[in-house]
Each structure stands twice: as C-alpha cells, then as structure tokens.
Amino acid sequence: MAVSNPIALLLTVCFLGFHVPAMSHASSSDKFLLCLSIHVPSQAVLTPTSPSFKPLLVSSIRNAKFVAPATARPPLCILTPTKASHVQAAVRCGRYHGVRLRVRSGGHDNEGLSYRSQRPEVFAVVDLAKLDAVRVDPHGATAWVDSGATIGELYNAVAKAAPGLGFPAGVCPTIGVGGHFSGGGVGLMMRKYGLSSDNILDATIVDADGKLLQGKEAMGDDLFWAIRGGGGGSFGIVLSWKVRLVPVPPKVTYLSVTKTMHQGAVDAVTKWQKVAPALPEDLSVRVVVQKRQANFQSLYLGNCSAVVQTLHRQFPELGVTRADCQEMSWLQYVAYLYFGDAIKNAPLEELLLNRTMPLGPFVKNKSDYVRKALTKKTWQKIFTWPSGAADGELILEPHGGRMSTIADADTPYPHRSGVLYNIQYVQLWNGNGAGGNSSTPNWINGLYDFMAPFVTKNPRAAYANYKDLDLGVNKVVGGVTTYQSGKVWGERYFGGNFRRLAMIKRKVDGHDYFRNEQSVPPLLLIRK
C-alpha cells in the first residue's frame with residue numbers, strides 16, 4: 001500500500017487496534033464526538049447542550065475574567081475521565097479528527113489555558129477532577145497521587161495515613177496537583193526540601209499517540225525530566241505521580257507579624273531580602289506587601305521559643321515576640337495559612353477536601369526573580385505605588401537553603417543558586433456590572449515596568465506556574481509552533497533548559513498535537 005502522506009501513515013500505525021469510525025460527510029467535531037462515544041461512557045462527555053456543561057466548566061475557574069463573554073470561548077465538550085483508557089481515547093480521537101485537548105486538574109491556571117483558547121480553534125477540555133486518588137505508603141515514605149487531586153486532598157491523605165510525614169507544595173488547597181507539579185511547585189518548605197517537582201520519583205502519562213506509559217522507564221529519561229517542571233500541556237497528559245514524602249515534626253510554628261510604614265515596614269522588607277534566604281533551612285519567612293503594609297508569614301519546623309530566638313538574633317527589625325507565633329500540627333498549619341481562624345469552627349478535613357470556591361474578581365498575575373537586594377529608596381516607591389480602584393499585592397517568596405544546592409539543569413526549573421527570592425504580582429479588580437472592564441488596570445503593568453532595572457535580566461526571569469501571556473505567545477507556521485516564537489517567553493520561564501525541552505518535544509510530540517498559547521514548541525531539525 002502506497003501512502004504519500006507521512007502523517008497519515010503515522011496515525012495509521014498509532015491507531016491500529018483502536019476503532020475510529022468512518023464518517024466521510026460529517027464535520028471533524030461530529031467525528032470526534034462519535035469517536036469518543038464509542039470508547040467513553042456517555043455520562044463522561046458533556047457538550048454545550050447539556051444543562052450540566054456550563055456549571056462544570058465554571059466549577060473550577062478561579063478568575064472571573066475568563067467567564068466574561070469577551071474571553072470565554074466554550075470548548076466542544078468536557079471529558080471527565082474515570083480511568084486511563086478514557087484519556088487515551090480522547091487523545092487518539094483528537095489526533096485522528098483534528099480536535100486539540102486542553103487539560104485541567106484544579107483550574108488555577110493564571111491565564112486559563114487549561115480550559116480556554118485564545119485562538120479560533122476547535123478544542124475539548126479533559127477535566128481530571130475524578131482522577132483524584134491518593135495512595136500513601138507510610139513505610140516507604142512515598143505516595144502515588146493522581147493529577148486530578150488537589151494539594152489539600154494530598155496534604156490530608158498524607159497526614160492521616162502517615163503522621164510525621166508531609167509534602168512540600170503550595171499554599172492554596174484547591175490547586176490541582178497536575179498543574180502544580182508540572183510547573184515546579186513553590187511552597188514554604190522548599191528551602192528545606194526543594195520544590196514539589198524536586199520530590200517526584202515516578203509518573204504515569206498518556207503520550208501524544210495515546211499510549212499509556214507507566215513509569216519513568218517506559219517514558220525515558222528525557223520525558224521524565226521534562227514533566228518535572230517543564231510546564232503542563234506540552235508533552236502529554238500525566239495521570240499520576242509518585243512523590244517522596246518528607247519528615248515533619250509533631251508541632252510546627254506559624255508566625256505572623258504585620259508592619260505599617262510608620263512601624264518600619266520599609267526597613268524590615270529591605271533587611272528581609274538578605275536575611276530570609278540565609279536563615280536555617282527549617283525556617284521560611286515570606287512577605288505579603290499590600291496597602292502600604294508588610295505581613296511577614298513564617299513556617300518553622302520546630303517550636304515557638306526556638307524561632308523567636310533565631311529571629312531576635314538574625315532579624316531584630318521584625319520585633320518578633322512569643323505572642324506572634326502559634327504551635328500546631330503540620331496539617332493544621334497548611335490549613336491555617338489559607339483559611340485562618342476558620343479552622344477553629346470547621347473540621348480540617350472538611351476545609352481541605354472542599355474543591356469549590358466562589359467565583360471571585362478579575363485577576364492578573366505577573367512574576368519576577370531577584371538576585372540583588374533592592375534599596376530602601378526603591379522599596380519606599382513600591383510601598384507608595386498608586387493602585388487606584390484595584391487591589392494590588394506583592395508576594396515575596398524566599399529561596400536559598402536546599403533550593404541553592406540543586407543545579408539549574410537538574411529539572412526544567414532553573415531559578416536556583418543566587419536567587420534571593422521571587423515576586424508574585426497580583427491585581428484584583430471588579431470587571432463585572434455596569435462599567436465593568438475586563439482589561440487589566442494600570443497598577444500591575446506600571447509597577448512591573450518600574451521593577452525592570454532591579455530584577456533578573458537577559459532574560460528577565462518568570463515562574464512558569466505564574467503564567468503570563470504578556471511575555472509572548474506562540475506562532476504556528478505550517479501546523480507547528482515555531483521555536484523562535486516560543487523562545488521569547490520560554491527562556492524567561494526555563495532559562496537555558498528551554499532548548500532541551502524543545503528538543504524533547506520534537507522527540508515525543510513532533511507534530512505538536514499538545515499545543516496552546518505557551519506550550520513548548522518542537523525544535524525541528526533543519527536539513528541542509
């Protein structure tokens with residue numbers, strides 16, 4: 001049999017043994033839906049005609065901006081798989097019929113790329129929320145966690161099954177494991193144990209051919225390296241992760257101190273820049289700057305008296321007293337940091353396992369990394385930066401400790417030795433109602449431009465999990481994302497690791513099926 005189209009030949013080989021129905025006169029969308037109907041239960045596929053479609057689509061959207069008519073382009077359908085074969089079918093049907101997939105685990109994607117497309121393309125959403133199992137091995141100090149689980153569900157399962165163990169991950173309990181791990185996973189234990197992705201031991205993934213690769217041996221060293229911090233939506237659909245659990249003491253200490261400008265907030269933040277990355281690894285102090293105040297929030301893997309002594313000695317400007325800290329279990333701590341005093345009125349499990357969140361305001365995020373401390377004069381300008389009608393805040397997360405001992409190329413996350421801290425810029429505003437505006441107000445963009453001389457350069461680095469389309473979007477030429485367009489934003493997230501990611505993309509998804517506005521492009525070979 002002569003086959004003139006190499007892509008057609010590839011698909012023919014890939015789909016041997018997988019029934020794809022022939023519908024010569026139907027649209028590609030109809031063909032895709034029929035293909036799914038043969039391999040996936042009907043209740044797992046929702047189309048816009050279903051009354052459950054919109055509630056499900058909106059259920060885990062965290063940014064109201066992406067529900068607004070100007071930015072909302074509904075998917076062809078939402079698939080809610082309950083087993084690996086459903087995901088395999090979605091990939092195979094999508095490849096064969098030209099329907100791309102967006103993959104959502106928790107919905108915290110800052111630009112909504114896990115459930116929306118800026119381009120006028122036909123796409124479907126694979127919502128992994130029903131693949132949410134957490135299987136803990138307390139004796140081996142490991143756990144397998146599905147991508148659809150939230151980090152709140154992971155924290156709760158680990159604490160119940162293995163007291164004395166924890167896991168280093170983020171603050172918000174409704175964050176999906178799949179996206180969080182794929183981009184790195186910053187958190188308050190990273191100075192002691194590294195990022196979430198630094199503690200991934202194995203994984204299971206559905207690749208661009210719809211094959212189920214069970215374990216790192218099946219996927220190979222390159223693909224296993226890429227999924228541990230190289231961003232989601234580029235290399236396949238990771239279904240489950242094996243993670244290393246880490247020791248935590250019976251009691252940890254939460255510490256919170258707020259200072260206004262009149263109380264020395266500017267001096268304290270100026271000093272914090274050099275102190276926080278050099279503190280003992282058991283102690284992490286982050287800062288939230290908002291409304292001309294600085295709130296210092298701390299996790300110490302030990303008791304209150306010890307952390308007070310340490311901060312008196314190394315950071316006297318903070319003026320910490322015994323009254324500023326509380327001792328609690330590690331599980332209580334991860335809940336308290338997000339829910340505050342609500343943990344006194346509701347069971348921890350109820351709070352941590354609740355996946356629902358009310359749809360909040362419009363949100364825009366940006367990020368930076370700092371290697372040289374800013375001056376007091378610069379911080380004075382930042383504290384007094386006008387915000388107008390919007391609410392803006394900066395979240396400063398210290399590096400150092402374990403983060404500084406991991407080589408930049410060990411995983412795709414390159415922001416290691418020499419980084420003092422990273423900055424997350426957050427702006428919230430009301431874009432609904434009369435006079436509502438979905439465009440981003442000036443505070444965040446103006447402050448971000450002001451900060452350019454004081455942060456990393458060539459490139460100006462950013463954190464992949466604080467996705468920002470202002471950094472650049474992919475261009476597609478001849479059906480494939482160009483490397484040069486991806487390089488514009490990709491080197492800011494991944495530094496020198498971006499080229500290796502693009503080479504791996506060529507190897508595992510050279511036809512660029514898993515593609516979005518900021519997916520890693522394949523680095524194609526140029527034949528002379």
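This briefing describes helix packing and salt bridges in one protein structure. The structure is a predicted model, in which local features need pLDDT of at least 70, side-chain atom pairs count only at pLDDT 80 or more, and totals for chains, interfaces and linings use all residues. Residues are numbered from 1 along each chain as its sequence is written, and side-chain values use heavy atoms, with hydrogens and water left out.

**Helix packing: α2 and α4**

- Two packed helices are described by the angle between their axes and the distance between the axes.
- Helix α2 (residues 28–39) packs against helix α4 (residues 84–97) at an angle of about 155°, and their axes are 9 Å apart. Helices (H or I, at least four residues) and strands (E, at least two) are DSSP runs, numbered from the N terminus. Axes are lines fitted to C-alpha atoms, for helices over the stretch in contact, and angles run from 0 to 180 degrees between N-to-C directions.
- This angle makes α2 roughly antiparallel to α4. Angles under 35 degrees count as roughly parallel, over 145 as roughly antiparallel, 65 to 115 as roughly perpendicular and the rest as oblique.
- The two helices α2 and α4 cross in a right-handed sense. A crossing is right-handed if the near helix is turned clockwise from the far one by less than a right angle, and left-handed if anticlockwise.
- On the α2 side, the contact is made by Ser28, Lys31, Phe32, Cys35, Leu36 and His39, and on the α4 side by His86, Ala89, Ala90, Cys93, Gly94 and His97. Contact means heavy atoms within 4.5 Å.
- The residues of this contact between α2 and α4 comprise 6 nonpolar, 5 polar and 1 charged. Ala, Val, Leu, Ile, Met, Phe, Trp, Tyr, Cys and Pro count as nonpolar, Asp, Glu, Lys and Arg as charged, and the others, Gly among them, as polar.

**Helix packing: α5 and α12**

- Helix α5 (residues 151–161) and helix α12 (residues 330–339) cross at roughly 160°, and their axes come within 10 Å. These two helices, α5 and α12, are therefore roughly antiparallel to each other.
- The crossing of α5 past α12 is left-handed.
- Tyr155, Asn156 and Ala159 of α5 meet Trp330, Leu331 and Val334 of α12. The contact of α5 with α12 has 5 nonpolar residues, 1 polar residue and no charged residues.
- Asn156, which is found in helix α5, is buried, with a relative accessible area of 6%. Buried means under 20% relative accessible area, exposed over 50%, and partly exposed in between (1.4 Å probe, protein chains only).
- When its neighbours within four places in sequence are left aside, Asn156 is in contact with Leu331, Glu349, Leu352 and Leu353.

**Helix packing: α10 and α14**

- The axes of helix α10 (residues 265–275) and helix α14 (residues 376–383) come within 9 Å, with a crossing angle of roughly 125°. Helices α10 and α14 are therefore oblique to each other.
- The crossing of α10 and α14 is right-handed.
- In α10, Ala265, Val266, Asp267, Val269, Thr270 and Gln273 meet Lys376, Trp379, Gln380 and Phe383 in α14. By class, the contact of α10 with α14 has 5 nonpolar, 3 polar and 2 charged residues.

**Salt bridges**

- A salt bridge is a side-chain nitrogen of Lys or Arg within 4 Å of a carboxyl oxygen of Asp or Glu. By this rule, the count comes to 23 salt bridges.
- Arg102 and Glu121 meet through their side chains in a salt bridge (3.0 Å, N to O). This pair links distant parts of the chain, with Arg102 in strand β3 (residues 100–104) and Glu121 in the loop between β3 and β4 (123–127), 19 residues apart.
- Arg102 is buried at a relative accessible area of 2%, and Glu121 is buried at 18%.
- Asp222 and Arg500 form a salt bridge in which the closest N and O atoms are 2.9 Å apart. Asp222 lies in helix α9 (residues 221–227) and Arg500 in helix α17 (residues 497–509), so the pair ties together parts that are 278 residues apart in sequence.
- Asp222 counts as partly exposed at 25% relative accessibility, and Arg500 counts as partly exposed at 33%.
- Lys505 forms a salt bridge with Asp509, with the closest N and O atoms 2.7 Å apart. Lys505 and Asp509 are separated by about one helical turn, being 4 residues apart in helix α17.
- Lys505 is buried, with a relative accessible area of 0%, and Asp509 counts as buried at 3% relative accessibility.
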